[in-house]
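Here is a note for a colleague who is new to reading protein models. Please keep the structure open while going through the points.

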Amino acid sequence: MTTDQVTTERARPEPIRAVPVRHPGRWITVAVLGVLTAMFVHLLVTNEAFNWSFMVDRMFRPPIIEGLLRGTVLMTVTAMLIGVTLGVVIAVMRLSENPILRGVAWLYTWFFRAVPRLVLLAVFGNIGILWSRIEFGVPFDTQLGQLFGIDNLQLRLFGFSSHDILTGFMAGLLGLALSEAAYMAEIVRAGIQSVDQGQTEAAQALGMSRGQLLRRVVLPQAMRVIIPPTGNETIAMLKDTSLLLYVPVSVELFFQLDAVGNRTFKIFPMYVAACLWYLFLTSILLVGQYFLERHFGKGYGTAGRARLRLRGVAAEAGGNPGEVKP
Amino acid sequence: MTELVIPGQAGAPEAESDLMVRAEQVHKSFGSIEVLKGIDLEVRTGQVCCLLGPSGSGKSTFLRCINHLEKINAGRIWVDGELIGYRQRGDKLYEMREKEVAAQRRAIGMVFQRFNLFPHKTALENVTEAPLLVRREKRAEVREQAAPLLGRREKRAEVRERAAALLERVGLGDRLHSYPSQLSGGQQQRVAIARALAMQPKLMLFDEPTSALDPELVGEVLDVMKDLAREGMTMIVVTHEIGFAREVGDSLVFMDGGVVVEQGNPREVIAAPQHERTKAFLAKVL
């Protein structure tokens, strides 16, 4: 206290006016970048192959917008919904005490993470080759019938032509969602494991069942760890819908742009249009992810901690200890 | 012919019905390390039993065995005449289902060294969480019996009122809507005590409740525990607070190396320990 008073009574020393360190490297970098940017802009404007007017004219046509809405946006949303839900289930199975569930979950993630998405989509696109009809009933009915001496026993309840069910959209959705579930399972598992063991113990001591403590205590806390990588997964999924070209799914952004390019022999402008569309869509998702992370980080994120620290500093400065620990 | 075995009470003699906790030859191993080597313990209803001992002596592990957070390898534990974690029919032991274990745990409150409050819930929500879940389960049972539904709003409000009263009782009536991160350690631990009390337990287990607290905050938690003891709650307290054991404890159990070394009246044991190990320990702590 006394030292404080002494310093305030003495004359305040003159503020420091030192020569700052020079950074010539920065100026050189700026110059080089400036030249490169000028070259790039020059290329964009002068090179005829870009054919900007053609691109702008075609990239907003109805088939392309429909492909964007259904094949890209709707597909991303549904595939992620199924992927996240199934992923949570598989993660919980993986952490279960039941060895059979654990084994099944491991096998699932092993398979769907090992096969490339592109290959998986090609397989699902052609899975109709296996069956012309998909039917529900008693399994192995014909074989069982032979066992009892009945020829060609058929115990089927109902069925569909696989052509009706496994449309391009369904096959693509199945491929993307199932593969996404495998990645989401790993993310959710990491999230669940990041929650302090003490939380589980406290919930158990209160007499909560495993399902209750998972739903009410562990998963809400795991969300903080799960959300950011899930945002990345969504962005990756949006881009991976372009792989639907290989199923094939015709009502899809990249398929449509590619088709226009092939038809008009002006393929390059259409690929540039694809770049611009995907840039636009992912940028929207990035903004969404920012707000999601801020929401789920409340209470303990860096922002929350900084606020608490600020309050502590303010209380110390004000000399009111009652405010440090409210 | 005269022997009648009552399920769930087998082995607990009737004459000792005022025993809240009875442990018999409890053994517990983690892998090849034996942590508990045959613990015998009795705690009467309404009494406060303090477990003392150096770290690694197995006192926390024993406490966690009482509500089946740890499965014991040998021996038996009864709480209020009920065998913990198992059902006995004749000579055979049957493992309890998860739901039955959960039901047993509801009668036993536990307070942890590191509080373990739910950080995403306010003080009030921490306290109401478990009672509301149990209520929901009961309502499902009622529905199965096709009985008229309970008024949902009313009961919910009731649980909340009781929780608020409990928080008031531990001196936190003005912090109902604070998150744990906004509370001091002492306040968090008091919320944890209120949370355990919300299940209206017959027995409270305290696992070093003041060890993670700043020295100036220890008092407020001990005061709440003293009140609780005075109101007749049966408590088992693992602690290093010799003063608390002397003032509030009805019995003191000194453990070392997985066995009970010495037990008796806390004032007598602390004033004149009989065993060398107890003497050495108390000399260091006092």
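Predicted model: local features only at pLDDT ≥ 70, side-chain atom pairs only at ≥ 80, totals over all residues.

1. The annotated stretch of chain A. An unreviewed UniProt entry lists residues 69-289 of chain A as "domain: ABC transmembrane type-1". Over residues 69-289 the chain is 74% helix and 5% strand.

2. One helix of chain A. Helix α6 of chain A covers residues 117-125, and its buried residues are Arg117(A), Leu120(A), Leu121(A) and Phe124(A). Viewed down the axis of α6(A), these buried residues fall within an arc of 100°, so they line one face of the helix. What do the buried residues of α6(A) pack against? Their partners are α5 (99-114), α9 (168-194) and α11 (210-240), which belong to chain A.

3. Chain B in outline. Chain B has nine helices and 12 strands. Of its 286 residues, 52% count as buried. Among contacts in chain B with a separation of 6 or more, 66% are between residues 24 or more positions apart.

4. The four-stranded sheet of chain B. This open sheet has the strand order β2-β1-β4-β5, and the pairing is antiparallel. β2 (33-44) and β5 (82-83) of chain B stand at the edges with a single partner strand each, so one side of each has no neighbour in the sheet. Within the sheet, β1 (residues 19-30) and β4 (residues 74-79) of chain B are joined by five bridges in the antiparallel sense. Across this pair, Glu24(B) stands opposite Arg76(B) in β4(B). Helix α1 (residues 59-66) of chain B packs on the sheet and touches β1, β2 and β4 of chain B. The direction of this helix makes about 60° with that of β2(B).

5. The six-stranded sheet of chain B. Here the order is β8-β9-β10-β3-β11-β12, the sheet is open, and the pairing is mixed. Which strands are at the edges? They are β8 (108-111) and β12 (259-264) of chain B, each of which pairs on one side only. On average, neighbouring strands of this sheet are turned by 15° against each other, direction ignored. β11 (residues 251-256) of chain B pairs with β12(B) in the antiparallel sense over five bridges, and Leu252(B) has Gly264(B) in β12(B) as its bridge partner.

6. Helix α6 (residues 215-230) of chain B lies across β3 (48-52), β9 (203-207) and β10 (234-238) of chain B, at about 145° to β10(B). Helix α9 (residues 276-285) of chain B lies across β3, β11 and β12 of chain B, at about 100° to β11(B).

7. Nonpolar cores. The largest nonpolar core has 51 residues, and those with the most contacts inside it are Met208(A), Phe62(B), Leu203(B) and Ile236(B). α11(A) gives the most to this core, with seven residues. Neighbours within four places in sequence aside, Phe62(B) is in contact with Ala23(B), Val26(B), Leu36(B), Ile39(B), Leu41(B) and Leu51(B). Another core, of 46 residues, lies apart from the largest one; Leu117(B), Ile193(B), Met235(B) and Phe281(B) are among its members.

Key: Residues numbered from 1 in each chain as written. Chains lettered and ligands numbered in written order. Heavy atoms only, no water. Buried < 20%, exposed > 50% of the residue type's maximum accessible area, 1.4 Å probe, protein only. Helix = DSSP H or I, 4+ residues; strand = E, 2+ residues; numbered from the N terminus. Arc of directions from axis to C-beta. Contact = heavy atoms within 4.5 Å. Pairing = 2+ DSSP bridges. Axes fitted to C-alpha atoms, helices over the stretch in contact; angles between N-to-C directions. UniProt positions renumbered as here; feature names shortened; annotations may be inferred. Core = buried A, V, L, I, M, F, W, Y, C linked by side-chain atoms within 4.5 Å.
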